[in-house]
Amino acid sequence: LARRNAEQARKNAEEAKLNAQRAQKNEALAKEQEQIAIKNAAEALRQRYIAQAKAMAVKSRELNDPEQEALIAQQAYKFNAEHAGYVYDNDIYNGLYAALKKYDHPLTLSLEAHARGAARALVTHVDANQIYSGGSDGKIIRWTEHNFQWKSEVLVARDNYQYYTIAVSPDGNFLAAAGLFAGDETRNYVELYNLKDMKSPRKIEGYSFAIENLSFTPDNKGFYARDNSGHSIRFSDLQTAREVIKSTVKINAIALNADGTVLAGAGENGSLFLWDIKNNYAPTEVKNMGDHLTTVTFAPEGRRLVIGDNTGIVKIYDNQSGFVIRTLSGHTSAIEQITFNHAGTFMATASKDKTVRLWNLNRLKEQPMVLSDHRDWVWGVAFTPDDEQLLASVHSSIETVKGVEHTIRAWPTKIPTMSNILCGNVKRNINKEEWEIFVGDDLPYESTCTALPANNN
């Protein structure tokens, strides 16, 4: 009997131990499920804030009251930023931009100096913190920035030459300018200016018809130009010019890589052409890269090329692997120009569909920021030396209620910079009624601009 009782006691103890272990496991599982529920609730709330931010940003652009528009756009930015939304969200950007434009902030002001629809070419001189523009009005203009405002200085004014392309040498000593000579297009030439004395350019002859796509070599000793309606590429040693590439295929654009060893061309036949400069311009043809290729550029590191075609498709090609590594869609018409910012973090694509798109190179799966408040196509784009703005030369002869649309448009490019400005323009915070209308009563009120008194009475 004693033995049976002892055995039963042992079994009871083991069962009690198992029950205790089961209870511990159930408790741990309950806590785990509770943590998952808390995490899911937090994520749902985060997504709610982000969705509300995007909706508010879109709505802000429909408002007529500049102060109310600024407050709603700024609160949209705050929701998105504080709840880890995508920093360069297109809706958030355009909400901030539209609000800043209502206040005529310098970051949004167009550059006025060229005649209507005339600005064709833009180039940045980073070291001097300057922009140069050339136009079909015969003007070359130097722009210098001070407190986000660009001051113009007309360097050249011609009545018999249209400037389609300009380039500044890497050392900043020379500016090359070319386009179309009205006197005799078959006896065209490139003008080479010493930037210290713009009065007496050197004429480099031997070109015919429109000249485009000037590119200086890295050693400052020469430049390439696309000539003869895209069937000839010439190299100039700054004294004379000679044809180095003759193409039966029309080349619509050319680009030189950073170390000056490879010249790329966008073919009308859909091929990407790569010429090995050190090997007597030996050609490589990469076929079937698009419909009719319209533009090409090298990424800053020189390995990747970006190509655009006449349908609006943009492709990123890896020259080392020989593969297209990304196709970017969204544009609906020919790509006119592709350019990178100086930090190498963003890429701008300009199109005849009357939009410019800003692509975050570190987040290419995200949708780009779309700049579309101009009403005609864009010839070319350039980032300012500090990358704070994107400038675009717009082909425009459109009359507006304020007169002729300006031909060099400006957009801010850094959302954090934009967001810190609007609270300096408003004199109040969002009130309770506005919060209920634009935010909703399920999200607690907060002050949009912390330096101003709360307004939720």
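A charge sits over a ring if NZ of Lys or CZ of Arg is within 6 Å of the ring centre and within 35 degrees of the ring normal. Keep that handy for Exercise 1.

This is a predicted model, where local features need pLDDT of at least 70, side-chain atom pairs count only at pLDDT 80 or more, and totals for chains, interfaces and linings use all residues. Residues are numbered from 1 along each chain as its sequence is written, and side-chain values use heavy atoms, with hydrogens and water left out.

**Exercise 1.** Find which ring face Arg 234 lies over.

*Solution.* Go to Arg 234: the face below is that of Tyr 207, with the ring centre at 6.0 Å. Now try Arg 120, which sits over the face of Tyr 164 at 3.9 Å from the ring centre.

**Exercise 2.** Classify the ring pair Tyr 224 and Phe 235.

*Solution.* Step one: rings of Phe, Tyr and Trp (its six-membered ring) pair if their centres lie within 6.5 Å; planes under 30 degrees apart count as stacked, over 60 as edge-to-face and the rest as tilted. Step two: here the centres are 5.0 Å apart and the planes stand at 50°, so call this pair tilted. Step three: both residues are buried (under 20% relative accessible area; exposed is over 50%, partly exposed in between, with a 1.4 Å probe and protein chains only).
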